[in-house]
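Here are my notes on the model you sent. They go from one surface feature to the overall fold.

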Amino acid sequence: MIYLQIFWAFFISGILGYGGGPASIPLIEKEVVDRYEWLSLHEFSEVLALGNALPGPIATKMAGYIGFEQAGILGAVVG
């Protein structure tokens, strides 16, 4: 069930986040912090800072990290 939730959370933000990673960050926050309560707002801001510090797409790195924290390596792949 957790894998379906991870997939659905990042699928919704990916589909509705027109404009790339920075545009989908509020949508990811809504899903991860408010809906599923996987992270607190403070933890989410730290994940966002880490995603900004590393090269590559922000939303992809955040999805992988949050998926890994929730369900291990398979969760990172699903995210």
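Which residues make a nonpolar surface patch of about 780 Å²?

1. The structure is a predicted model. In it, the nonpolar patch is made by M1, L4, F7, W8, F11, I15 and L16, and its area is about 780 Å².

2. One of the patch residues is F11. F11 sits in helix α1, which covers residues 2-16. Its relative accessibility is 36%, so F11 is classed as partly exposed; that class lies between buried, under 20%, and exposed, over 50%.

3. On secondary structure: the protein contains four helices and zero strands. Read from the N terminus, the order of elements is α-α-α-α.

4. On overall dimensions: the C-alpha trace spans about 30 × 25 × 20 Å along the principal axes.

5. On burial and surface: 33% of the 79 residues count as buried. The accessible surface of the protein is about 4800 Å², and carbon and sulfur atoms account for 66% of that surface.

6. On contacts along the chain: taking contacts between residues at least 6 apart in sequence, 45% join residues at least 24 apart.

Terms used. Residues numbered from 1 in each chain as written. Predicted model: local features only at pLDDT ≥ 70, side-chain atom pairs only at ≥ 80, totals over all residues. Heavy atoms only, no water. Patch = residues over 30% accessible without salt bridge, like charges linked within 9 Å, V, L, I, M, F, W, Y side chains within 5 Å. Areas by Shrake-Rupley, 256 points an atom, 1.4 Å probe, with all protein chains shown as cover. Salt bridge = Lys/Arg side-chain N within 4 Å of Asp/Glu carboxyl O. Helix = DSSP H or I, 4+ residues; strand = E, 2+ residues; numbered from the N terminus. Buried < 20%, exposed > 50% of the residue type's maximum accessible area, 1.4 Å probe, protein only. Contact = heavy atoms within 4.5 Å.
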